[in-house]
Amino acid sequence: MLSPSEDRDPVLSAVTLIVGVIVALTFVFGFGNVFTLALRLGVPVWVAPLVAPAVDLSVVGLLVAIRSLSLRALLLR
């Protein structure tokens, strides 16, 4: 089992970086889409900015959890 201080495989680092970019883009683009949808559905203007991050952060949480679990499974082999 690798310790955190040891060098990682460059492929593992690249995949982690790509997942991070996907998470960031999901949050940025999803915020605008959910905000617009909330306004179209009649959600008050002061509530819509609160709904959008809640939806985005749940997606971000799922992506991070999947990546974390896959890394742990890979390191435990």
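I began with the rule for elements: helices (H or I, at least four residues) and strands (E, at least two) are DSSP runs, numbered from the N terminus. By that rule I placed Val60 in helix α2, residues 48–76.

I noted that this is a predicted model, in which local features need pLDDT of at least 70 and side-chain atom pairs count only at pLDDT 80 or more, while totals for chains, interfaces and linings use all residues. Residues are numbered from 1 along each chain as its sequence is written, and side-chain values use heavy atoms, with hydrogens and water left out.

**Overall make-up**

I looked up the secondary structure and found two helices and zero strands. For burial I took buried as under 20% relative accessible area, exposed as over 50%, and partly exposed as in between (1.4 Å probe, protein chains only); of the 77 residues, 14% count as buried. The protein exposes about 5,800 Å², and carbon and sulfur atoms supply 75% of that area, where accessible areas come from the Shrake-Rupley method with a 1.4 Å probe and, for residues, only the protein chains shown count as cover. I then turned to contacts, meaning heavy atoms within 4.5 Å: among those with a separation of 6 or more, residues 24 or more positions apart account for 62%.

**Helix α1**

I checked the span of α1, which has 31 residues and reaches 45 Å from its first C-alpha to its last, close to the 45 Å expected at 1.5 Å a residue; the expected span is 1.5 Å times one less than the number of residues. I also found a kink of about 30 degrees centred on Gly30, the bend at a residue being the angle between axes fitted to the seven residues ending there and the seven starting there. Gly30 is itself buried, as are Leu12, Val23, Val34 and Ala38 of α1. After the helix comes Gly42, whose phi is positive, near 95 degrees.

I followed Val60 next, which counts as buried because its relative accessibility is 14%. Leaving aside neighbours within four places in sequence, Val60 is in contact with Val23 and Phe27, and its C-alpha lies 9.5 Å from that of Gly20, 40 residues apart along the chain. From Pro53 to Val34, 19 residues apart in sequence, I read a C-alpha to C-alpha distance of 8.4 Å.

**Nonpolar patch**

Lastly I listed the surface patch formed by Leu17, Val21, Leu25, Phe27, Val28, Phe29 and Leu57, with about 680 Å² of accessible area together. Patches are made of residues with over 30% relative accessible area and no salt bridge, like charges being joined within 9 Å and nonpolar side chains (Val, Leu, Ile, Met, Phe, Trp, Tyr) within 5 Å; a salt bridge is a side-chain nitrogen of Lys or Arg within 4 Å of a carboxyl oxygen of Asp or Glu. The largest share, six residues, comes from α1, residues 10–40. Phe29, in α1, counts as exposed because its relative accessibility is 53%.
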